[in-house]
Structures are given as C-alpha cells and as structure tokens.
Amino acid sequence: MPERTPYIAANWKMHLTRAPAVQLARDVVAQLADVTGAEVVLCPPATALDAVGRVLAGTRVLLGAQTMHWEDHGAYTGEISAPMLVDLGCRAVILGHSERRSYFGERDEEVGRKTRSAVVHDLLPIVCVGESLAEREAGSTLRVVQVQTERALEGVSRELAPGIVVAYEPLWAIGTGKVATTEQAQEVHAFIRGLLSNLHGETVAQRMRILYGGSMKPANAPDLLGQKDIDGGLIGGASLESRSRVTNTAPPFEPRDVSTSALDRALMSYPASAAYAWGRRKRPTRCPGTPPAARQRPAAGGSRAT
Ligand code: 13P
C-alpha cells in the first residue's frame with residue numbers, strides 16, 4: 001500500500017494583521033521544530049504572506065495562500081496570481097473554499113482553471129469540496145462532491161495529479177462547532193478516493209492526499225485522522241490558537257496518551273501539531289511509558305502507512 005505524508009493546513013482566513021500573524025507563525029515554528037513526519041502549511045491572509053513567509057523561511061513549516069487568480073498577470077484589479085505567490089515563497093494555495101464559492105460566486109469552472117494554473121506553477125492546490133446542509137439532507141452529498149472534484153481536476157494530467165490535495169469540507173461543519181462523524185467523513189473520503197482512481201488510476205489515487213475540514217480540533221482530530229482515507233486536516237478557527245487548553249487545563253486525551261515531556265506538551269498545544277501527533281500515534285512507534293529520549297521519530301519526509 002502506498003504511503004501518504006499527513007498534511008495539516010491552517011487556514012487563518014481574514015484574521016490577523018502582520019504583527020500577530022508573525023507572532024503566531026513564530027509560536028508554530030517553535031512548537032513544530034522537531035516534527036518531521038507531517039507537512040504543515042500556514043495560510044495567512046494575503047497582507048501577511050510576506051511577513052509570515054520570512055518567519056517560515058528555512059523551517060519545515062510551509063507558506064500557503066487562501067486563493068489566487070488563474071491568469072499569470074493582467075487587468076484583474078485586486079487579484080493575485082500564482083507566480084506572485086511563488087515569488088513570496090508560497091508552496092500551496094487553498095482553492096474553491098466554500099466561503100469563496102458562496103460569498104464571491106466562485107464556480108467549479110474557475111476552481112478548475114485555478115487548479116491548473118497552480119500545478120503548472122508548482123504550487124500545491126488544496127482544492128475544497130463539500131456539500132451544504134440542504135444538499136446533505138436531500139441525499140445529494142456524493143453527487144455534489146463528485147461534480148466539484150471532477151470539475152476542479154479537469155485537464156490535470158496524471159503526472160501532475162499527485163501534486164493536488166483535495167479537502168472535504170462539509171459546509172455545515174465549517175465554523176459551526178458541528179463536526180462530521182467519522183463515518184460520514186470516511187464515507188465521503190473513500191468516495192473521493194474512488195473518483196480519483198477513476199480519473200487517474202488506483203496508483204495515483206492512493207498517493208493523493210484527502211484532508212478533512214470543518215470544526216477540526218485536538219478533541220476530534222484523533223478519531224478523524226484515524227480513518228483510512230483521511231490524510232490530514234484543513235483547520236480554521238482552531239489554527240488561530242497557538243496554545244490550546246493543554247497548557248491551562250486538563251488535555252482532552254486519554255491519560256495513557258498524555259506524556260509529561262515538554263515536547264509532547266508542545267505537540268499537543270497547537271491543533272495542527274496535535275493532529276499530527278495523533279496521526280503518528282496510529283502507528284505503534286512508541287510503547288506507552290517509553291521514555292521520550294528512547295522513542296523513535298520518523299525520518300525527515302517520513303510517511304504514514306495507510
Ligand atoms: P473551522 O475549522 O473554523 O470550522 O473552518 C474550517 C475551514 O473552513 C478551513 O478551511
């Protein structure tokens with residue numbers, strides 16, 4: 001079975017001016033200094049990309065943007081292109097987020113154009129798909145997700161497809177505190193994997209990462225990330241907190257999983273890293289009670305078996 005490196009993306013949306021964005025980025029970098037088995041990307045607002053990029057330069061944490069235009073340049077007032085994002089050091093870009101679709105009228109066709117532009121410019125597109133509550137209740141979740149996924153990936157070659165990440169974000173779970181059950185999420189993720197297999201073959205589909213987004217936080221990340229086809233998270237609100245309740249109150253973990261080491265406290269103190277830590281715990285790399293110094297860490301760029 002191919003291996004997929006877990007991918008954790010923090011979507012800061014329209015929050016944080018430069019100074020607090022830089023501070024949060026510094027906190028995240030410090031907390032993730034020793035993390036090697038997952039890719040973590042921070043997506044600040046466009047105004048903070050440059051400043052946050054300077055903090056992330058030379059670290060393992062990647063810089064990402066929240067949207068872009070499909071053309072490289074032109075008379076598109078207010079827009080930013082893929083080459084401009086690359087110039088700022090971006091490695092990824094969120095595309096087709098439901099907030100862009102619903103508030104700014106972004107359509108599948110445009111998401112597809114943006115996706116093609118991103119892969120051509122070596123930016124990793126995080127393509128968002130997901131159904132509304134009404135669509136779920138009408139029983140059309142899979143159909144909606146199918147159309148969005150297929151249109152977004154249209155025209156992308158089999159060679160470039162593994163450089164795309166799909167994020168399943170049910171609209172009713174975004175910013176609401178309602179999270180999809182593990183069964184609901186896994187069902188849609190498995191369905192998306194099947195679509196990717198139809199489009200590009202099973203080998204490519206098994207290499208592509210599919211993230212879950214929608215009220216993900218340390219308390220629910222372990223169960224979600226424990227699902228076979230959930231390869232990471234796209235985290236909104238919780239990614240704005242660099243210190244979780246762990247540092248203040250009891251952590252939401254089973255006692256057997258709570259380590260007292262400073263590193264593990266740090267790993268749990270940022271949702272992204274907490275999610276990563278839990279993903280890592282799916283593999284028995286460490287027996288409960290093993291002293292931190294003796295535990296194994298995945299090698300740089302290490303991957304998670306799925
Ligand atoms: P929340 O994590 O705040 O629900 O947001 C999810 C999201 O929209 C990430 O892109």
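In what sense do strand 6 and strand 7 pair, and over how many bridges? Strand 6 and strand 7 pair in the parallel sense, over four bridges. The model is predicted: local features need pLDDT of at least 70, side-chain atom pairs count only at pLDDT 80 or more, and totals for chains, interfaces and linings use all residues. Residues are numbered from 1 along each chain as its sequence is written, and side-chain values use heavy atoms, with hydrogens and water left out.

Helices (H or I, at least four residues) and strands (E, at least two) are DSSP runs numbered from the N terminus, and two strands pair if DSSP finds at least two bridges between them. Strands of a sheet pair through backbone hydrogen bonds, either parallel or antiparallel. Here, eight strands in the order 2-3-4-5-6-7-8-9 make a closed barrel with parallel pairing. From one strand to the next, the twist averages 25°. Strand 2 (residues 7–11) pairs with strand 9 (residues 232–235) in the parallel sense over four bridges, and A9 has L234 of strand 9 as its bridge partner.

Helix 7 (residues 141–153) packs on the sheet and touches strand 6 (124–129) and strand 7 (165–168). The direction of helix 7 makes about 155° with that of strand 6; axes are lines fitted to C-alpha atoms, for helices over the stretch in contact, and angles run from 0 to 180 degrees between N-to-C directions. Contact means heavy atoms within 4.5 Å. The buried residues of helix 7 are T141, V144, V145, V147, Q148, T149, A152 and L153, where buried means under 20% relative accessible area, exposed over 50% and partly exposed in between (1.4 Å probe, protein chains only). These buried residues pack against elements including helix 4 (98–104), helix 5 (108–120) and helix 8 (182–200). Just after helix 7, G155 takes a positive phi of about 80°.

Strand 6 is largely enclosed by the rest of the structure, because six of its six residues are buried. L124, I126 and C128 lie on one side of strand 6, and P125, V127 and V129 on the other. Strand 6 also pairs with strand 5 (residues 92–95) in the parallel sense over four bridges. The bridge partner of L95 in strand 6 is V127, while I126 stands opposite V165 in strand 7.

A nonpolar core is a set of buried Ala, Val, Leu, Ile, Met, Phe, Trp, Tyr and Cys residues joined through side-chain atoms within 4.5 Å. The largest nonpolar core has 61 residues, and L42, L56 and I192 have the most contacts inside it. Helix 1 (residues 18–31) gives the largest share of this core, six residues. A second, separate core of 14 residues includes V41, I94, I126 and L211.

Helix 2 (residues 49–56) is mostly covered, with six of its eight residues buried. The buried residues of helix 2 are L49, A51, V52, G53, V55 and L56, and what covers them includes helix 1, strand 3 (39–43), strand 4 (61–65) and helix 3 (82–87). Q23 is found in helix 1 and is partly exposed, with a relative accessible area of 40%. The C-alpha atoms of Q23 and V52 are separated by 8.8 Å, although these residues are 29 residues apart along the chain. Just after helix 2, G58 takes a positive phi of about 80°.
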